[in-house]
2 protein chains.
Amino acid sequence: VISPAAADLLGVLAYSELCAFERNAADAAGAPSLVDKVELARLSRHEHDHFEQLCVYLSSQGIEPLSALEPFVVAWDTFHSNMAPRDWLEGLIKTYVGDGIAADFYREVSAYLDTDTAALINEVVSDSQRSEYMTSRLREAIAEDPKVAGRLALWGRRLMGEMISQATLVAGSRPALQEMFTEQADQVEGLINRLTVEHSRRMDALGLAS
Amino acid sequence: VISPAAADLLGVLAYSELCAFERNAADAAGAPSLVDKVELARLSRHEHDHFEQLCVYLSSQGIEPLSALEPFVVAWDTFHSNMAPRDWLEGLIKTYVGDGIAADFYREVSAYLDTDTAALINEVVSDSQRSEYMTSRLREAIAEDPKVAGRLALWGRRLMGEMISQATLVAGSRPALQEMFTEQADQVEGLINRLTVEHSRRMDALGLAS
């Protein structure tokens with residue numbers, strides 16, 4: 001069976017995929033065109049696929065999926081209500097930045113997990129980053145209205161900061177995660193640095209300051 | 001190739017499935033418990049499956065899916081913004097009532113279509129009605145707080161009325177649909193009566209006046 005830390009990471013990832021599904025569906029509902037709506041709806045459904053994959057895996061390990069998610073509901077819902085996008089573009093940036101940071105984070109920490117769990121987590125987070133649509137749509141919107149760049153850059157910075165402090169809070173609230181990160185204490189500073197560098201690279205790719 | 005009326009019906013059904021996906025995802029986001037959230041998210045994802053099935057079929061008939069949906073976007077969006085649920089239970093009733101009426105409607109009109117299109121439409125709308133969850137969850141909520149019954153009954157009546165008038169408007173705006181319904185003019189009154197009877201039966205099943 002998987003370790004308590006692995007169960008926690010699968011639980012928080014599954015809940016964040018469920019939230020991403022809801023958020024991208026809301027972005028689909030507010031999309032400025034039918035093409036955008038259909039793209040975002042497909043992205044959203046993809047997040048739901050990940051959620052189901054993670055639930056199936058948790059069940060196969062004898063863990064009731066909802067009980068694995070439950071500890072992360074309040075923290076995650078608070079994060080989303082504090083960081084509600086003010087418009088459609090902020091919604092896209094939230095997905096782009098959030099999926100990127102999450103993918104980097106889970107890829108790093110999966111090094112501390114058993115190989116099956118690590119493989120599933122890597123598969124799920126890589127797939128989340130697959131969307132060409134997101135990058136090209138954001139570039140297009142910024143090119144159309146260069147004034148939005150400053151606002152979106154600021155929003156990206158806030159998201160990065162909030163996600164790091166959120167991850168720290170969540171890790172501190174779960175004994176198994178706290179223990180894992182304590183064991184890897186000499187890695188944590190390096191991890192945060194690498195997340196920051198990768199985040200900057202993604203913001204650069206949109207022509208946004210980070 | 002399929003008739004223009006069949007293409008219109010597939011287009012409006014596909015767009016309504018896409019809207020149902022968005023709406024149920026919003027209901028998932030506002031769900032009072034994690035169990036409800038997960039159920040509604042699955043329902044939502046199911047609607048997206050239907051949307052994709054219809055798009056694949058339209059493509060296989062040489063029809064670009066988005067062009068088939070496009071004529072129905074404004075009417076459908078207007079309906080949804082006029083009939084926005086005020087709370088979570090009104091959202092559930094909207095899905096329950098709307099899926100029911102839509103299923104009855106499409107099953108009836110599929111009798112005027114080619115067999116392949118009719119089979120697909122029947123499959124999609126039957127599957128939408130599959131949810132045991134919706135009926136039992138609504139019964140439970142009404143039993144917990146009998147005062148909501150009057151408000152939900154009224155809401156169900158409004159939905160029924162709006163859907164009939166919406167369907168009439170949409171049919172009148174598309175030459176192929178108008179022609180089809182004119183040819184079947186002696187059936188239309190009977191159709192509306194049957195929709196009303198079935199709607200009453202579904203409201204009765206919840207213990208709500210219709």
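I began with helix H2 of chain B, residues 34-60: its 27 residues reach 39 Å from first C-alpha to last, close to the 39 Å expected at 1.5 Å a residue. For my own reference, helices here are DSSP runs of H or I with at least four residues, numbered from the N terminus, and the expected span is 1.5 Å times one less than the number of residues. After H2(B) I found B:Gly62, whose phi is positive, near 75°.

A note on conventions: this is a predicted model, in which local features need pLDDT of at least 70 and side-chain atom pairs count only at pLDDT 80 or more, while totals for chains, interfaces and linings use all residues. Residues are numbered from 1 along each chain as written, chains are lettered from A in the order written, and side-chain values use heavy atoms, without hydrogens or water.

**Where the chains meet**

Next I turned to the contact (heavy atoms within 4.5 Å), and chain A and chain B each give 23 residues to it. Between them the two chains bury about 2000 Å², 66% of it on carbon and sulfur atoms; buried area is the accessible area, with a 1.4 Å probe, lost on putting the two parts together and summed over both. Which residues of chain A lose the most area to chain B? I noted A:Glu22, A:Leu34 and A:Arg45, together 29% of what that side buries.

I then looked up the polar side and got 10 residue pairs in polar contact between the chains, both residues at pLDDT 80 or more. Such a contact is a pair of N or O atoms within 3.5 Å; within protein, one must be able to donate a hydrogen and the other to accept it, and residues adjacent in sequence count only if both atoms are side-chain atoms. On the chain A side, helices H1 (4-29), H2 (34-60) and H3 (65-69) each give two or more residues, and H2(A) gives the most, with 12.

**Salt bridges**

My search of the whole structure turned up 30 salt bridges over all chains, and the count between chain A and chain B is 6. The criterion is a side-chain nitrogen of Lys or Arg within 4 Å of a carboxyl oxygen of Asp or Glu. I picked out B:Glu22 and A:Lys37, with closest N and O atoms 2.8 Å apart; this pair crosses from helix H1 of chain B to helix H2 of chain A.

**Aromatic pairs**

Last, I listed 7 aromatic pairs over all chains, counting rings of Phe, Tyr and Trp (its six-membered ring) with centres within 6.5 Å; planes under 30 degrees apart are stacked, over 60 edge-to-face and the rest tilted. A:Phe105 and A:Phe181 are stacked, 6.3 Å centre to centre with 25° between the planes. A:Phe105 lies in helix H5 and A:Phe181 in helix H9 of chain A, so the pair ties together parts 76 residues apart in sequence.
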